[in-house]
Amino acid sequence: MEHKAPWWLTHKPIVTVDYTNKDAEAGDAKFLSIGRSTWNSEDFSAKIWRWSENGERWSRQSEEIPLWRVLDLATLLAAVINNKESRLNEVVQDKESVKDLKDYIGDNMEILAPKVQELYNMLSSARPVNKSKDIPNIFSYATSELSQDAMFAWLMQWADPSYKNEDHSLYHIANDFVKMLIGTNSYAVNTIEVGRQWKNIDLWAEINDDAFLIIEDKTNTSIHDNQLERYKEFVENEYKGKRNRLYYVYLKTGNEPLSVLKGREKKGYKTISRLDIINCLNHYNGNNSFLLNYIEHLKRIENETQSFRKLPVDEWGWYAWQGFYKELESRLNLTSWDYVANPAGGFLGAWWHFTPIPDGEMYLQFEEKKLCFKIYYEGERDRSEVRWEQHNKLLDIAKANNHNEITKPERFGAGQYMTIAVVDPDFLFGNDIVNLEDLMIKLFDYQSLIDQCCKE
């Protein structure tokens, strides 16, 4: 076969690509072309040329697509990857298969990501770059944990010395990454074999002849059941007496409460945070766009998490609230924080300073901007009676201490968990960038009010 697409048929190729060496799964697809269209010689179209091996001719299954439809298909794929709706107004026709589609995309991001990056590079070079806008990043679309698994597996495999001469800087940063995971700089990686989804373990690596590493990789989800214990048991049963270095890592690139992370460490897992990864990968001095995209992706998450420090509270997003709660963890004895669902749509909450009352506890809870004094009651008395009693006692103490910003909530609940008072958000946060030092003084005062109330 000639290394040209046929020019004597109705579609007239102008620019062609020999596709047989571009796609391992190309099959009968031999060429891609852009040329004059079949339906109108003044229009232009894209075409996939297929060869009928049996008939020794160009197949009738060859597809010709108007150029704008090629771009619409690319838009549709980007919408699916990003879990958003495009202006095409697409509909989900087969809801049961959506997860399978997204899993497939996540599993194949190693193939898709370079192609998306190449498309971006071509588009960027075709128009002036507006530095005031964020540039597209493949990991803004490849957000699943499967995509991140692929990223880490790819990076770790580069730590094998056989790749040293292929990309010197990538080899060295991969080595640094592996050494960070196992917690030592003195261990030389002579061989490494990386895999995914062994016994549902996200990532595993056989290192040299004596080490085995597993990674439980999480973005914004968390652990369920006793999976960490089960994974550790699998490894110890499989490698007992075979390898004397067994490493267990819990890697989290999203935000998670400190109490949860400490629980992972108690199970024998080394926790690796987003900042740990950024600090490691910041030493990369190469130009691999895939890795640079990932580093930038993590930095964007970190910047959004820290944005509570430079934005008024009304402009805080989901990550900013998480960052604020993590800051409270470093300053208060914060019990935990998490998403709380309710009929109004839910909120990201934080709770702490649980202090005993008869048959229950009084404590503080942030419901984002709203700070609540709450009680938990499990006794036999009428709950509304207990709620009013604690409310009146707290407000009397608050007024005696000139805390007039503490008031009755708009409505009282009647469950085991009840809000008995709230704090005016404007008094607490102000209308500008939050002064954390002033805020902490107020929060310590509110803890003292609870101490007085429960003592009396």
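Reply: Keep in mind that this is a predicted model. Burial is judged here by relative accessible area, with under 20% counting as buried; six of the seven residues of strand E7 (residues 201-207) fall in that class, so E7 is largely enclosed by the rest of the structure.

Me: Which strands pair with E7, and in what sense?

Reply: Strands of a sheet pair through backbone hydrogen bonds, in either a parallel or an antiparallel sense. In this case, strand E6 (residues 192-198) runs antiparallel to E7 and is joined to it by six bridges, while E7 and strand E8 (residues 211-218) are paired, again antiparallel, over five bridges. Glutamate 206 of E7 stands opposite glutamate 193, and in E8 its bridge partner is phenylalanine 212.

Me: Which residues have a positive phi in the two hairpins?

Reply: In the hairpin of E6 and E7, with two residues between the strands, lysine 199 takes a positive phi near 55°; in that of E7 and E8, with three residues between them, asparagine 208 in the turn has a positive phi of about 55°.

Me: What is the strand order in the open sheet of six strands?

Reply: The order is E11-E12-E13-E14-E16-E15, with antiparallel pairing. Strands E11 (334-340) and E15 (406-407) stand at the edges with a single partner strand each, so one side of each lacks a neighbour in the sheet. Helix H11 (residues 318-331) packs on this sheet, touching E11, E12 and E13, and its direction makes about 165° with that of E11.

Terms used: Residues numbered from 1 in each chain as written. Predicted model: local features only at pLDDT ≥ 70, side-chain atom pairs only at ≥ 80, totals over all residues. Heavy atoms only, no water. Buried < 20%, exposed > 50% of the residue type's maximum accessible area, 1.4 Å probe, protein only. Helix = DSSP H or I, 4+ residues; strand = E, 2+ residues; numbered from the N terminus. Pairing = 2+ DSSP bridges. Contact = heavy atoms within 4.5 Å. Axes fitted to C-alpha atoms, helices over the stretch in contact; angles between N-to-C directions.
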